[in-house]
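The sequence and structure come first.

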Amino acid sequence: MSFQNFCYGIVAVAGISLALFGKSPPAPPAPYPPTPEALRFAAAEAAYPFHNASIELPAGDRQFQGPGSEVANANCLSCHSAGMVLNQPPLSRAVWEEEVRKMRTAYHAPVAEADVEPIAEYLASLPRP
C-alpha cells in the first residue's frame with residue numbers, strides 16, 4: 001500500500017464517521033470578553049475622539065541678562081522659558097550644578113559638560129526678589 005492510498009483511507013474513514021455519527025468538529029472557543037480597561041478606553045475614545053491638533057505657543061522672547069548669560073541663553077532656553085527659571089527660589093551654586101547635571105542625565109538635555117559649571121555659577125549669581 002502506498003502512502004497516498006493510506007491517506008485516502010484516512011480521509012474515507014473520517015468521512016464515513018462523520019456521515020454515521022453526524023458530529024462536526026467543535027466550534028472554536030468564543031473570544032475572551034474585553035477587559036475593564038479596554039472598555040473604559042473605548043468609552044473615552046467614543047466620547048473624546050482622538051484627532052491631530054495644531055497649537056501655537058506664545059513667543060518667548062525673554063532672555064537671561066548680564067554677565068555669563070550667554071551660556072544660559074544658549075543651553076537653557078531650548079527647554080525652559082527665562083521667566084520659569086528666574087522664578088525659582090534662590091538656590092546655591094552646588095544645587096544649581098546638581099539640577100543642571102540632572103537635566104543632562106535624566107532628561108538628556110543637550111548641555112555640554114563644559115557648560116554645566118558656568119550655567120550653575122550664572123544662575124546662583126542672579127539676584128532674587
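## Nonpolar surface patch

A patch here is built from residues with over 30% relative accessible area and no salt bridge, and nonpolar side chains are joined within 5 Å. The model is predicted. In this model, Phe3, Phe6 and Ile10 make a nonpolar surface patch of about 360 Å². One of these residues, Ile10, is found in helix α1, which covers residues 3–21.

## Largest pocket

The largest pocket holds about 350 Å³ of space. Its lining consists of 18 residues, and those closest to the pocket centre are Cys76, His80, Trp96, Glu99 and Met103.

Three helices each supply at least two residues of this lining: α4 (82–86), α5 (93–105) and α6 (113–125). Of the elements involved, α5 gives the most, with four residues. Sorted by class, the lining of the largest pocket has 13 nonpolar, four polar and one charged residues.

## Alanine 74

Alanine 74 lies in helix α3, which spans residues 69–75. Is this residue buried or exposed? Alanine 74 has a relative accessible area of 61%, so it counts as exposed, the cut-off for that class being over 50%.

Along the chain, alanine 74 and valine 111 are 37 residues apart, and their C-alpha atoms are separated by 9.1 Å.

Conventions:
Residues are numbered from 1 along each chain as its sequence is written. This is a predicted model: local features need pLDDT of at least 70, side-chain atom pairs count only at pLDDT 80 or more; totals for chains, interfaces and linings use all residues. Side-chain values use heavy atoms; hydrogens and water are left out. On a 1 Å grid over the protein atoms alone, a cavity is a set of points where a 1.4 Å probe fits but cannot get out, and a pocket is an open set with protein on both sides within 12 Å along at least five of seven lines; lining residues have an atom within 4 Å of a point. Grid points are joined across faces, edges and corners, and a volume is the space filled by probe spheres set on the points. Ala, Val, Leu, Ile, Met, Phe, Trp, Tyr, Cys and Pro count as nonpolar, Asp, Glu, Lys and Arg as charged, and the others, Gly among them, as polar. Patches are made of residues with over 30% relative accessible area and no salt bridge: like charges are joined within 9 Å, nonpolar side chains (Val, Leu, Ile, Met, Phe, Trp, Tyr) within 5 Å. Accessible areas come from the Shrake-Rupley method with a 1.4 Å probe; for residues, only the protein chains shown count as cover. A salt bridge is a side-chain nitrogen of Lys or Arg within 4 Å of a carboxyl oxygen of Asp or Glu. Buried means under 20% relative accessible area, exposed over 50%, partly exposed in between (1.4 Å probe, protein chains only).
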